[in-house]
Amino acid sequence: MPEHIHLLMSEPEKGNPSRVMPALKQGFARRVQRQIAKRRVAGQQDLFLQEVEPVWQRRFYDFNVWSERKPIEKLRYIHRNPVKRGLVMEPEQWPWSSFRSYYYGEIGPVRINHWQDLKMKIRANAA
């Protein structure tokens, strides 16, 4: 999504998911800030604030999945979200989605670790 991401992940055997999110967000934010800095014209540096603008909001919203059917429900929501928002006509058109990995078995920009665990029933033309 243009202003947020969806991430469906399982509880790790060791570690804490609340530590994963800051690490993920920091790495991405650093790459974005480097790209922004590269695009600035050297003679115009004084026109920009010296402080770095935040890329992310401070927190993240989490939803604990307890039942066996909830992961499929959440995955369908994630895949349909760009369509519902009017960004694409079909889920497979959203380039930053795992839909094509699940439906076509393609490897794309979104990596799927345990896609075999979630068997999605995809309706024709209504994914």
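Buried means under 20% relative accessible area, exposed over 50%, and partly exposed in between, with a 1.4 Å probe and protein chains only. By that cut-off, 18% of the 127 residues of the protein chain count as buried.

This is a predicted model: local features need pLDDT of at least 70, side-chain atom pairs count only at pLDDT 80 or more, and totals for chains, interfaces and linings use all residues. Residues are numbered from 1 along each chain as its sequence is written, and side-chain values use heavy atoms, with hydrogens and water left out.

View 1. The order from the N terminus is α-α-α. Helices (H or I, at least four residues) and strands (E, at least two) are DSSP runs, numbered from the N terminus. Contact means heavy atoms within 4.5 Å. Among contacts with a separation of 6 or more, 47% join residues 24 or more positions apart. The chain exposes about 10,900 Å², and carbon and sulfur atoms supply 52% of that area. Accessible areas come from the Shrake-Rupley method with a 1.4 Å probe; for residues, only the protein chains shown count as cover.

**View 2. Helix α2 covers residues 70–84.** Its 15 residues reach 20 Å from first C-alpha to last, close to the 21 Å expected at 1.5 Å a residue. The expected span is 1.5 Å times one less than the number of residues. The helix bends by about 25° at Ile78, and a proline, Pro82, follows within four residues. Here the bend is the angle between axes fitted to the seven residues ending at a position and the seven starting there. After α2 comes Gly86, with a positive phi near 80°.

**View 3. Buried residues of α2 pack against α3 (99–104).** The buried set in α2 is Lys70, Pro71, Ile72, Leu75, Ile78, His79, Asn81 and Pro82.

**View 4. Glu73 and Lys70 form a salt bridge.** A salt bridge is a side-chain nitrogen of Lys or Arg within 4 Å of a carboxyl oxygen of Asp or Glu. The closest N and O atoms of this pair are 2.8 Å apart. Glu73 and Lys70 are three residues apart in helix α2, so about one helical turn separates them. An α-helix has 3.6 residues a turn, so residues three or four places apart point the same way. Glu73 is partly exposed, at 34% relative accessibility, whereas Lys70 is buried.

**View 5. Arg100 and Glu106 meet in a salt bridge.** Their side chains are 2.8 Å apart, N to O. Arg100 is partly exposed, with a relative accessible area of 30%. Glu106 is partly exposed too, at 34%. The structure holds two salt bridges.

**View 6. Val65 sits in the loop between α1 and α2.** Val65 is partly exposed, with a relative accessible area of 29%. Not counting residues up to four places away in sequence, Val65 touches Lys70, Pro71 and Lys74. Leu8 lies 57 residues from Val65 along the chain, and their C-alpha atoms are separated by 9.5 Å.

**View 7. Ile5, Leu7, Met9, Val20 and Leu24 make a nonpolar surface patch.** Patches are made of residues with over 30% relative accessible area and no salt bridge; like charges are joined within 9 Å, and nonpolar side chains (Val, Leu, Ile, Met, Phe, Trp, Tyr) within 5 Å. Leu7 is found in the segment before α1 (17–39). Leu7 is partly exposed, with a relative accessible area of 46%.
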